[in-house]
Amino acid sequence: MKLVYTGKTKNVFELENGNYLLKFKDDVTGKDGKFDPGENSIGLTIEGVGDVNLRMTKFFFDKLNAQGIRTHFVKANLDDTTMEVLPAKVFGKGLEVICRLRAVGSFIRRYGDYIEEGAALPYYVEMTFKDDAKGDPLVTKDALVDLGIMTAKQYDDIKEETQKITKVVADVMQEKGMELYDIKFEFGYDADGEVMLIDEIASGNMRVYKDGVYIEPMTLSELFFA
């Protein structure tokens with residue numbers, strides 16, 4: 001295997017068959033020794049976090065693939081905390097796609113004059129550039145198309161897939177007595193330009209509540225697999 005990228009929470013290796021291997025780490029983003037999924041730098045190491053993130057990712061990717069939703073997931077090896085994935089190109093220098101079911105977090109900070117905190121949202125989708133220095137700025141469909149980062153069809157496909165995937169995650173959380181407020185995804189595209197879900201679906205990428213109380217990511221992982 002050839003190491004091709006060292007990430008904050010995963011390392012990426014190139015496999016002989018043309019696919020890639022993601023090695024999940026126990027490093028998490030945070031600040032002042034506290035886990036915070038919204039931070040852009042590694043804050044601490046939590047033993048076992050790589051394992052639970054991979055297990056949740058495998059659970060959801062298996063479910064999505066069975067429904068015919070395209071992802072980069074091939075298979076996972078829980079014993080060595082790795083996941084084999086298909087090759088995919090990212091949009092631009094990296095793009096995050098957020099789906100919001102309730103008005104909280106940065107959404108309410110931006111639009112609080114027009115909506116009450118916690119109000120329901122209709123699977124609202126927004127995209128941001130992955131740019132730590134600029135604070136991950138929002139970007140519109142027109143900008144993405146005009147800048148040549150994606151086509152209008154790719155944007156529409158990503159939005160539709162995001163809403164479908166979010167519904168899958170929200171339904172599972174509801175079955176477990178919890179409510180999904182928002183979730184963050186990453187998408188890429190294959191050699192034919194077809195979009196697919198990439199990266200992971202783990203507790204650190206979503207905001208989940210139980211009885212109106214926010215659940216910390218590590219607690220969420222414990223409740224999910226209880």
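Me: Which side chain does Glu 96 meet in a salt bridge?

Reply: Start with the general idea. Side chains of opposite charge can pair when their charged atoms come close. In this predicted model, Glu 96 meets the side chain of Lys 184, with N to O at 3.8 Å.

Me: Is Glu 96 buried or exposed? And how does Lys 184 count?

Reply: Read the relative accessible area. Under 20% is buried, over 50% exposed, and partly exposed lies in between. Glu 96 has 12%, so Glu 96 is buried. Lys 184 has 22%, so Lys 184 is partly exposed.

Me: How many salt bridges does the count come to?

Reply: The count comes to 20 salt bridges.

Me: Which residue forms a salt bridge with Glu 126?

Reply: Arg 110 does, and the closest N and O atoms are 2.6 Å apart. This pair links distant parts of the chain: strand β11 (residues 120-129) holds Glu 126, helix α2 (residues 105-111) holds Arg 110, and the two are 16 residues apart. Glu 126 is buried, at 5% relative accessible area. Arg 110 counts as partly exposed, at 33%.

Me: Which residues are linked in a network of salt bridges?

Reply: Look for charged residues joined through a chain of pairs. Here the network links Arg 100, Arg 110, Glu 126, Asp 182 and Arg 207.

Me: Where do Lys 167 and Asp 171 lie?

Reply: Both lie in helix α4 (residues 152-175). They are four residues apart, about one turn of the helix. Lys 167 counts as partly exposed, at 40% relative accessibility. Asp 171 is partly exposed too, with a relative accessible area of 28%.

Me: Which residues line the largest cavity?

Reply: The lining is Thr 9, Lys 10, Phe 24, Lys 25, Asp 27, Val 28, Val 49, Asn 53 and Glu 200. By class, the lining has three nonpolar, two polar and four charged residues. At least two lining residues come from each of β4 (27-31) and α1 (49-66).

Me: What volume does the second largest pocket have?

Reply: A pocket is open, whereas a probe cannot get out of a cavity. The second largest pocket has a volume of about 160 Å³. Its lining divides into eight nonpolar, one polar and two charged residues.

Me: Which element gives the most to the lining of the second largest pocket?

Reply: β11 gives the most, with five residues. β11, β12 (138-139) and α4 each supply at least two. Glu 126 is one of the lining residues, and Glu 126 also forms the salt bridge with Arg 110. Among the others are Tyr 111, Tyr 155 and Lys 159.

Me: What order do the strands of the five-stranded open sheet have?

Reply: Read across the sheet, strand by strand. The order is β1-β2-β3-β8-β7, with antiparallel pairing. β1 (2-6) and β7 (73-77) stand at the edges with a single partner strand each, so one side of each is left without a neighbour in the sheet. On average, neighbouring strands are turned by 25 degrees against each other, direction ignored.

Me: How many bridges join β1 to β2?

Reply: Four bridges join β1 to strand β2 (residues 10-14), and the two run antiparallel. Within this part of the sheet, Leu 3 stands opposite Phe 13 in β2.

Me: Last, the backbone. Which value does phi of Thr 81 have?

Reply: Phi of Thr 81 is near 55 degrees, positive in a residue other than glycine. Thr 81 lies in the loop between β7 and β8 (82-85). Thr 81 counts as buried, at 14% relative accessibility. Asp 136 is not a glycine either, and has a positive phi of about 50 degrees. Asp 136 lies in the loop between β11 and β12.

Terms used: Residues numbered from 1 in each chain as written. Predicted model: local features only at pLDDT ≥ 70, side-chain atom pairs only at ≥ 80, totals over all residues. Heavy atoms only, no water. 1 Å grid on protein atoms, 1.4 Å probe; cavity = no way out; pocket = protein on both sides within 12 Å on 5 of 7 lines; lining within 4 Å. Nonpolar A, V, L, I, M, F, W, Y, C, P; charged D, E, K, R; others polar. Salt bridge = Lys/Arg side-chain N within 4 Å of Asp/Glu carboxyl O. Buried < 20%, exposed > 50% of the residue type's maximum accessible area, 1.4 Å probe, protein only. Pairing = 2+ DSSP bridges. Axes fitted to C-alpha atoms, helices over the stretch in contact; angles between N-to-C directions. Points joined across faces, edges and corners; volume = space filled by probe spheres on them.
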